[in-house]
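The following note sets out, point by point, what may be read from the model shown below. Please keep the sequence and the structure in view while reading.

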Amino acid sequence: MFERFTKDARAVVLGAVEHAERMGAETVEEQHMLLALLDREGSRGSFALASLGLDRQKESVREALAEARRRGGLSRAEVDALSGLGVDLSEILSRVEEAHGVGALGADGKDKGRGKGWWSGFIGGHRPFARGAKGLLTESLRIATAHKDRHIGDEHLLIALTSRPGVPAEVLADHGVTYASLRRVLYGGGEAKAG
(Lines give C-alpha, C1' and ligand atoms only; values in the text may rest on other atoms or scores of the structure.)
Protein backbone atom coordinates (compact mmCIF):
# COMPACT_ATOMS: atom_id res chain seq x y z
CA MET A 1 0.00 0.00 0.00
CA PHE A 2 2.82 2.45 0.73
CA GLU A 3 3.82 2.40 -2.91
CA ARG A 4 0.60 4.40 -3.44
CA PHE A 5 1.62 7.08 -0.91
CA THR A 6 2.84 10.37 -2.34
CA LYS A 7 6.08 11.94 -1.18
CA ASP A 8 4.05 14.24 1.10
CA ALA A 9 2.04 11.38 2.64
CA ARG A 10 5.25 9.42 3.26
CA ALA A 11 6.76 12.49 4.92
CA VAL A 12 3.72 12.72 7.22
CA VAL A 13 4.06 9.07 8.24
CA LEU A 14 7.78 9.44 8.92
CA GLY A 15 7.14 12.73 10.71
CA ALA A 16 4.58 11.01 12.92
CA VAL A 17 7.18 8.42 13.89
CA GLU A 18 9.61 11.22 14.74
CA HIS A 19 6.99 13.00 16.87
CA ALA A 20 6.27 9.75 18.73
CA GLU A 21 9.99 9.23 19.36
CA ARG A 22 10.50 12.83 20.60
CA MET A 23 7.52 12.50 22.93
CA GLY A 24 8.71 9.15 24.27
CA ALA A 25 5.57 7.37 23.07
CA GLU A 26 5.74 3.62 22.71
CA THR A 27 3.46 3.68 19.67
CA VAL A 28 2.64 6.11 16.88
CA GLU A 29 -0.82 7.56 17.54
CA GLU A 30 -3.27 9.60 15.47
CA GLN A 31 -2.18 12.75 17.32
CA HIS A 32 1.37 12.21 16.00
CA MET A 33 -0.06 12.08 12.48
CA LEU A 34 -1.79 15.42 13.08
CA LEU A 35 1.39 16.97 14.45
CA ALA A 36 3.28 15.78 11.37
CA LEU A 37 0.58 17.24 9.10
CA LEU A 38 1.01 20.58 10.86
CA ASP A 39 4.73 20.47 10.01
CA ARG A 40 4.13 20.15 6.25
CA GLU A 41 4.46 23.02 3.79
CA GLY A 42 3.72 23.15 0.08
CA SER A 43 1.44 20.10 -0.01
CA ARG A 44 -2.27 19.67 -0.72
CA GLY A 45 -2.90 19.03 2.98
CA SER A 46 -1.03 22.15 4.06
CA PHE A 47 -2.88 24.17 1.40
CA ALA A 48 -6.21 22.95 2.78
CA LEU A 49 -5.23 23.78 6.36
CA ALA A 50 -4.05 27.25 5.30
CA SER A 51 -7.27 27.83 3.36
CA LEU A 52 -9.20 27.12 6.55
CA GLY A 53 -6.99 29.44 8.63
CA LEU A 54 -5.19 26.74 10.59
CA ASP A 55 -1.76 27.96 9.48
CA ARG A 56 -2.22 30.82 11.99
CA GLN A 57 -3.43 28.50 14.77
CA LYS A 58 -0.86 25.70 14.77
CA GLU A 59 0.41 26.46 18.27
CA SER A 60 -3.14 26.43 19.61
CA VAL A 61 -3.66 22.98 18.05
CA ARG A 62 -0.43 21.72 19.62
CA GLU A 63 -1.53 23.05 23.03
CA ALA A 64 -4.96 21.40 22.70
CA LEU A 65 -3.32 18.06 21.87
CA ALA A 66 -0.99 18.43 24.86
CA GLU A 67 -3.97 19.12 27.13
CA ALA A 68 -5.74 16.01 25.81
CA ARG A 69 -2.61 13.95 26.54
CA ARG A 70 -2.58 15.40 30.05
CA ARG A 71 -6.09 14.07 30.65
CA GLY A 72 -5.10 10.60 29.53
CA GLY A 73 -5.91 11.01 25.84
CA LEU A 74 -9.63 11.37 26.47
CA SER A 75 -11.75 13.57 24.23
CA ARG A 76 -14.10 16.12 25.74
CA ALA A 77 -17.02 13.85 24.78
CA GLU A 78 -15.45 11.05 26.82
CA VAL A 79 -14.81 13.41 29.74
CA ASP A 80 -18.45 14.55 29.55
CA ALA A 81 -19.66 10.94 29.49
CA LEU A 82 -17.61 10.15 32.58
CA SER A 83 -18.97 13.25 34.27
CA GLY A 84 -22.49 12.06 33.50
CA LEU A 85 -21.63 8.90 35.41
CA GLY A 86 -20.45 10.94 38.37
CA VAL A 87 -16.72 10.63 37.62
CA ASP A 88 -14.89 13.94 38.09
CA LEU A 89 -11.86 13.59 35.83
CA SER A 90 -10.40 16.93 36.92
CA GLU A 91 -10.38 15.71 40.53
CA ILE A 92 -8.77 12.40 39.51
CA LEU A 93 -6.22 14.23 37.36
CA SER A 94 -5.43 16.59 40.23
CA ARG A 95 -4.84 13.75 42.68
CA VAL A 96 -2.77 11.67 40.26
CA GLU A 97 -0.59 14.65 39.33
CA GLU A 98 -0.19 15.56 42.99
CA ALA A 99 1.09 12.06 43.73
CA HIS A 100 2.98 11.31 40.50
CA GLY A 101 3.70 14.63 38.80
CA VAL A 102 2.18 16.65 35.96
CA GLY A 103 1.45 14.54 32.89
CA ALA A 104 1.27 11.25 34.78
CA LEU A 105 -1.89 10.28 32.92
CA GLY A 106 -0.29 11.00 29.55
CA ALA A 107 -1.71 8.68 26.92
CA ASP A 108 1.60 7.91 25.19
CA GLY A 109 1.95 4.18 24.80
CA LYS A 110 -1.55 3.31 26.03
CA ASP A 111 -2.26 1.08 22.99
CA LYS A 112 0.57 -1.39 22.75
CA GLY A 113 -0.93 -3.25 19.78
CA ARG A 114 2.26 -4.36 18.08
CA GLY A 115 0.71 -6.45 15.34
CA LYS A 116 2.44 -6.64 11.98
CA GLY A 117 0.75 -5.31 8.89
CA TRP A 118 1.42 -3.68 5.55
CA TRP A 119 2.67 -0.53 7.36
CA SER A 120 5.48 -2.43 9.15
CA GLY A 121 7.86 -2.46 6.20
CA PHE A 122 7.47 1.25 5.67
CA ILE A 123 8.46 2.30 9.17
CA GLY A 124 11.18 -0.30 9.60
CA GLY A 125 12.50 -0.66 13.14
CA HIS A 126 10.64 2.37 14.45
CA ARG A 127 7.83 2.42 16.95
CA PRO A 128 4.77 0.41 15.94
CA PHE A 129 1.57 2.10 14.94
CA ALA A 130 -1.29 1.99 17.45
CA ARG A 131 -4.65 0.60 16.36
CA GLY A 132 -6.10 4.07 15.75
CA ALA A 133 -3.17 5.16 13.58
CA LYS A 134 -3.41 1.93 11.57
CA GLY A 135 -7.12 2.60 11.08
CA LEU A 136 -6.30 6.12 9.94
CA LEU A 137 -3.96 4.80 7.25
CA THR A 138 -6.60 2.34 6.08
CA GLU A 139 -9.27 5.06 6.04
CA SER A 140 -6.99 7.29 3.94
CA LEU A 141 -6.87 4.50 1.34
CA ARG A 142 -10.68 4.26 1.35
CA ILE A 143 -10.97 8.02 0.91
CA ALA A 144 -8.51 8.09 -1.98
CA THR A 145 -10.30 5.17 -3.62
CA ALA A 146 -13.70 6.84 -3.17
CA HIS A 147 -12.36 9.88 -5.02
CA LYS A 148 -10.81 7.68 -7.71
CA ASP A 149 -7.41 9.12 -6.79
CA ARG A 150 -4.56 6.84 -7.86
CA HIS A 151 -2.30 7.91 -5.01
CA ILE A 152 -2.76 8.56 -1.30
CA GLY A 153 -1.70 12.08 -0.41
CA ASP A 154 -1.41 13.96 2.85
CA GLU A 155 -4.82 15.44 2.10
CA HIS A 156 -6.32 11.94 2.35
CA LEU A 157 -4.63 11.47 5.73
CA LEU A 158 -6.05 14.82 6.85
CA ILE A 159 -9.59 14.00 5.68
CA ALA A 160 -9.31 10.60 7.39
CA LEU A 161 -8.36 12.32 10.67
CA THR A 162 -11.54 14.40 10.54
CA SER A 163 -13.73 11.44 9.60
CA ARG A 164 -12.91 9.45 12.74
CA PRO A 165 -14.05 10.19 16.28
CA GLY A 166 -11.39 11.16 18.78
CA VAL A 167 -9.12 13.89 20.02
CA PRO A 168 -7.52 14.88 16.67
CA ALA A 169 -10.91 15.36 14.98
CA GLU A 170 -12.21 17.24 18.02
CA VAL A 171 -9.19 19.56 18.13
CA LEU A 172 -9.37 20.20 14.39
CA ALA A 173 -13.12 20.93 14.59
CA ASP A 174 -12.48 23.36 17.45
CA HIS A 175 -10.18 25.20 15.06
CA GLY A 176 -12.64 25.23 12.14
CA VAL A 177 -11.32 22.19 10.27
CA THR A 178 -14.00 19.55 9.75
CA TYR A 179 -14.63 16.75 7.30
CA ALA A 180 -17.14 18.94 5.45
CA SER A 181 -14.88 22.02 5.32
CA LEU A 182 -11.94 19.98 4.04
CA ARG A 183 -14.11 18.37 1.37
CA ARG A 184 -15.25 21.82 0.22
CA VAL A 185 -11.67 23.10 0.00
CA LEU A 186 -10.19 20.00 -1.63
CA TYR A 187 -13.03 18.64 -3.78
CA GLY A 188 -15.72 21.27 -3.90
CA GLY A 189 -17.96 19.32 -1.46
CA GLY A 190 -20.76 16.96 -2.26
CA GLU A 191 -19.63 13.35 -2.15
CA ALA A 192 -20.47 10.93 0.64
CA LYS A 193 -18.01 9.90 3.32
CA ALA A 194 -15.91 6.82 2.52
CA GLY A 195 -15.80 3.86 4.85
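1. Aromatic pairs. How many aromatic pairs does a search of the whole structure find? The search finds zero. The rule applied is that rings of Phe, Tyr and Trp (its six-membered ring) pair if their centres lie within 6.5 Å, with planes under 30 degrees apart counted as stacked, over 60 as edge-to-face and the rest as tilted.

2. Basis of the note. This is a predicted model, in which local features need pLDDT of at least 70 and side-chain atom pairs count only at pLDDT 80 or more, whereas totals for chains, interfaces and linings use all residues. Residues are numbered from 1 along each chain as its sequence is written, and side-chain values use heavy atoms, with hydrogens and water left out.

3. Confidence. The term pLDDT denotes the predictor's confidence in each residue, from 0 to 100. Its average over the protein chain is 82, and 81% of the residues score at least 70. Among the elements, α9 has the highest mean pLDDT (97) and helix α7 (residues 120–123) the lowest (45). Over residues 107–124 the pLDDT stays under 50. For this stretch the model has 45 contacts beyond four places in sequence, a contact being heavy atoms within 4.5 Å.

4. Overall make-up. The protein chain holds 11 helices and zero strands. Both kinds of element are DSSP runs numbered from the N terminus: helices are H or I with at least four residues, and strands are E with at least two. Of the contacts with a separation of 6 or more, 66% are between residues 24 or more positions apart. Buried residues make up 47% of the 195 residues; buried means under 20% relative accessible area, exposed over 50%, and partly exposed in between (1.4 Å probe, protein chains only).

5. Nonpolar core. In soluble globular proteins, nonpolar side chains tend to be buried together. A nonpolar core is here a set of buried Ala, Val, Leu, Ile, Met, Phe, Trp, Tyr and Cys residues joined through side-chain atoms within 4.5 Å. The largest one has 41 residues, and those with the most contacts inside it are F5, M33, F129 and L137. Two or more residues of this core come from each of α1 (7–23), α2, α3, α4, α8, α9, α10 and α11 (179–187).

6. Helix α10. Why is α10 described as largely enclosed by the rest of the structure? The reason is that six of its eight residues are buried. The buried residues are V167, P168, A169, E170, V171 and L172. Their cover includes α2, α4, α5 (76–84) and α9. Just after α10, G176 takes a positive phi of about 85 degrees.

7. Salt bridges. Side chains of opposite charge can pair when their charged atoms come close. With a salt bridge defined as a side-chain nitrogen of Lys or Arg within 4 Å of a carboxyl oxygen of Asp or Glu, the count comes to nine. In one of them, the side chains of E30 and R164 meet at 2.9 Å, N to O. Because E30 lies in helix α2 (residues 30–39) and R164 in the loop between α9 (154–163) and α10 (167–174), this pair ties together parts that are 134 residues apart in sequence. E30 is buried, at 17% relative accessible area, while R164 is partly exposed, at 22%.

8. Residue R44. This residue takes part in a salt bridge with E155, in which the closest N and O atoms are 3.3 Å apart. E155 belongs to helix α9 and R44 to helix α3 (residues 44–51), so parts that are 111 residues apart in sequence are tied together. E155 is buried at 7% relative accessibility; R44, at 37%, is partly exposed. R44 also lies over the face of Y187, at 5.8 Å from the ring centre. A charge sits over a ring if NZ of Lys or CZ of Arg is within 6 Å of the ring centre and within 35 degrees of the ring normal.

9. Residue K148. Most residues other than glycine have a negative phi. K148 is not a glycine, yet its phi is positive, at about 60 degrees. K148 is placed in the loop between α8 (131–146) and α9, and it is exposed, with 72% relative accessibility.
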